[in-house]
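Please consult the sequence and coordinates alongside the text.

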Amino acid sequence: MPSLKYQAGDKVMGRWPGSSLYYEVKVLGYDAKSRLYTVIYKDGTELELKEQDIMSVTSFQQRTRSRSRSNSRSPGRRRSRSRSPARTTRRSSSRTTAAAAAAAVATDSTPSSRGDKKLKQAAEIKISPIQQQEKKPAENNSNNKHEKKEENNMASKVNEADAKVEVDSEKNLGRYNLRRRKEDGDSKAAEAKPEEREERSSAAPPAAAAASSTPLDFGGNIGALVLMLFLPAWVLFLVLQVNQKDPSLTNLPTLPPLETFWDPQALGFVIIWIFFQALLYTLPVGKLSEGVLLRSGRRLTYRTNGFFAFVVSAAVVAAAVYQGADLTYIHSHFLQLTSASFLVSMLLSVYLYVRSRSTGLDERALGGNSGKVIYDFFKGRELNPRIKEFDLKFFCEMRPGLIGWCLINVAMALAEMKQQKLDAPSYSMILVNVFQLIYVVDGLWNEEAILTTMDLMDDGFGYMLAFGDLVWVPFTYTLQANYLVSHPNPLSLPVLTAIVVLKLVGFYIFRKSNSEKNAFRRNPADPRLSHLKTIPTATGKSLLVSGWWGVVRHPNYLGDLIMALAWSLPCGFSHLLPWYYIIYFLILLVHRDSRDMNACRRKYGSAWDKYCRTVRYRIIPGVY
Ligand SMILES: NC(=O)C1=CN([C@@H]2O[C@H](COP(=O)(O)OP(=O)(O)OC[C@H]3O[C@@H](n4cnc5c(N)ncnc54)[C@H](OP(=O)(O)O)[C@@H]3O)[C@@H](O)[C@H]2O)C=CC1
Ligand SMILES: CC(C)CCC[C@@H](C)[C@H]1CC=C2C3=C(CC[C@@]21C)[C@@]1(C)CC[C@H](O)C(C)(C)[C@@H]1CC3
């Protein structure tokens with residue numbers, strides 16, 4: 001790198017994207033095409049940074065020193081976070097450390113006469129060298145030396161704006177423990193306003209600028225192309241197969257004439273349904289929830305009124321049925337409704353790809369910005385495409401397909417009654433309907449929790465999710481109910497009871513683990529989580545290492561899989577078809593788990609390895 005400002009091997013200070021935090025990093029290389037430096041953090045995390053986000057160690061020291069001086073001269077110019085009563089300083093778990101940090105702040109940035117008072121009001125974040133802290137057993141309230149409370153965030157970083165610590169020696173360039181003081185009283189933490197929690201929670205966004213070097217999933221361009229062709233073909237196969245009297249693997253369906261796929265009325269219904277859901281989403285009813293801090297430094301707001309949308313949709317559908325609407329139309333025109341939804345998802349994907357071309361680097365997903373057209377089209381380039389406040393990804397994932405899933409299931413129950421001349425749906429049909437209804441309603445009730453899932457935080461919005469949300473979910477997740485319409489499977493009471501128990505166990509694990517992680521990510525200081533052990537990471541975020549997330553690395557997947565089993569069991573063992581969902585789901589979740597492992601490895605470096613060594617099983621206890 002001859003004419004570059006920084007050379008490979010240089011030790012410099014790198015800004016964490018989207019924040020004012022600087023870490024000591026080593027320059028590994030420079031990519032002339034993307035004009036990004038690849039840097040490595042002390043814990044092994046590699047990121048790509050722009051030149052303006054890098055500073056030489058000397059300039060960093062000068063800058064921090066001058067800030068320190070100006071802070072001590074004009075207290076009024078300090079950031080106002082200490083002024084809110086909810087943000088009063090918290091008691092440190094270690095008096096020694098608190099004293100050491102206090103000394104550092106008082107000596108270096110404020111005259112001692114004012115020191116004490118100022119300290120009480122000062123920023124919640126303080127810095128002290130990590131080596132010193134790690135040696136103190138009193139600090140470590142876990143049995144494992146790697147496991148500490150969220151407050152013990154080990155980070156090789158210096159918060160330029162907040163730290164107010166003199167950069168007086170090589171000390172600041174080494175490893176620091178960036179910790180937050182505990183609240184005076186836990187309840188305050190729990191009651192804190194979202195904007196206050198924001199600042200208290202992880203100090204840095206989770207990843208770097210969209211990197212063209214992020215490894216490609218699914219075998220890159222070719223794999224994405226194969227999947228793009230295979231997935232609709234597979235949906236078609238399932239839809240045709242389920243209508244066969246004998247849907248076994250030895251009895252494959254024949255392709256119907258092409259004109260049967262197209263029905264303008266079906267397309268009309270699909271469009272009306274999507275627009276109806278869009279209308280409900282935009283109504284100023286329900287909570288406004290904040291998403292995670294993005295790489296761009298922004299935090300988006302979402303209208304989480306999914307449960308409201310569900311209730312209104314149910315009421316409107318019930319009214320339509322009361323007025324004579326025949327829901328069994330959905331069963332008899334399933335193929336046409338599927339192809340209409342496919343068309344909509346295709347058009348949406350093209351729109352998403354085209355608009356992603358005019359987005360900035362930091363608005364793109366790390367995984368869908370490879371420069372490979374097919375791959376990026378499939379994976380999705382833009383992380384959070386929005387039309388004004390209307391978030392397309394959030395909406396599609398949580399509304400038309402998900403609520404449509406329940407509508408289709410109800411239609412299947414009516415079709416079963418009609419086809420089998422029953423006065424009420426069969427027990428198997430009721431179980432499938434109720435189980436999946438619980439799943440969907442739970443998702444909508446806890447809609448906010450979706451904001452800390454991979455799809456919302458990391459994945460771009462492209463064909464994979466557009467097709468997944470609008471076609472895959474409503475037309476393949478309803479397969480069990482669809483199967484039962486013409487393949488009855490009577491259940492004995494003991495079997496029925498056993499299936500219900502299985503579902504409840506799965507649901508308990510799924511809900512508890514998802515809520516635990518969501519609550520922790522939203523407010524690491526939540527007193528209800530204070531018993532949990534955590535592993536600090538260089539990003540300022542911690543990883544849960546006890547509770548549900550200490551049993552396996554994806555307890556939520558475990559619960560989901562148990563539930564999937566309970567959804568297939570009511571269909572019996574006559575055919576493999578209704579078991580397709582659990583087979584697909586196992587593959588999806590194992591693949592998702594490895595995608596997440598790679599993403600977390602990139603995000604958290606050695607801290608993630610530490611987590612994996614501590615929590616050794618991936619999804620199923622006892623299975624690596
Ligand atoms: N029905 C269906 O078709 C599907 C359902 N699902 C369900 O959706 C839910 C969400 O799944 P998904 O988005 O894949 O993944 P998760 O909700 O498990 O999210 C993964 C993220 O959680 C954070 N995390 C991982 N380990 C820890 C830890 N120990 N402590 C704290 N945070 C941790 C990391 O993000 P960070 O650290 O950045 O916060 C990681 O990237 C699951 O319940 C899953 O079963 C998923 C796919 C399909
Ligand atoms: C087409 C591909 C082969 C796969 C596409 C995957 C998508 C269908 C799924 C990715 C993550 C999902 C989630 C749910 C539905 C399926 C998709 C979109 C979810 C909304 C179901 C309801 C749950 O309660 C949830 C936790 C909110 C789920 C979040 C992830």
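## Salt bridges

Arg386 and Glu389 form a salt bridge whose closest N and O atoms are 3.6 Å apart; the term denotes a side-chain nitrogen of Lys or Arg within 4 Å of a carboxyl oxygen of Asp or Glu. Arg386 counts as buried at 13% relative accessibility, whereas Glu389 counts as exposed at 59%. Here buried means under 20% relative accessible area, exposed over 50%, and partly exposed in between (1.4 Å probe, protein chains only). The model is predicted: local features need pLDDT of at least 70 and side-chain atom pairs pLDDT 80 or more, while totals for chains, interfaces and linings use all residues. Side-chain values use heavy atoms, without hydrogens and water, residues are numbered from 1 along each chain as its sequence is written, and chains are lettered from A and ligands numbered from 1 in the order in which they are written.

The count comes to 15 salt bridges. Among them, Arg522 meets Glu448 at 4.0 Å, N to O. Because Arg522 lies in helix α19 and Glu448 in the loop between α15 and α16 (454–457), this pair ties together parts that are 74 residues apart in sequence. Helices are DSSP runs (H or I, at least four residues), numbered from the N terminus. Lys287, Glu448 and Arg522 are linked in a network of salt bridges.

## Domains and a buried lysine

The domain assignment, which is automatic or from a database, gives domain 1 (10–61), domain 2 (215–490) and domain 3 (491–623). Between domain 1 and domain 2, the C-alpha centres lie 41 Å apart.

Lys503 is placed in helix α19 (residues 493–522) and counts as buried at 1% relative accessibility. Its C-alpha atom is separated by 9.4 Å from that of Asp560, 57 residues away along the chain.

## A nonpolar surface patch

Leu225, Leu229, Val373 and Ile374 form a nonpolar patch on the surface, with about 340 Å² of accessible area together. Patch members have over 30% relative accessible area and no salt bridge, with nonpolar side chains (Val, Leu, Ile, Met, Phe, Trp, Tyr) joined within 5 Å and like charges within 9 Å. Helices α7 (220–241) and α12 (373–379) each give two or more residues to the patch. Leu229 lies in helix α7 and counts as exposed at 61% relative accessibility.

Technical notes:
Accessible areas come from the Shrake-Rupley method with a 1.4 Å probe; for residues, only the protein chains shown count as cover.
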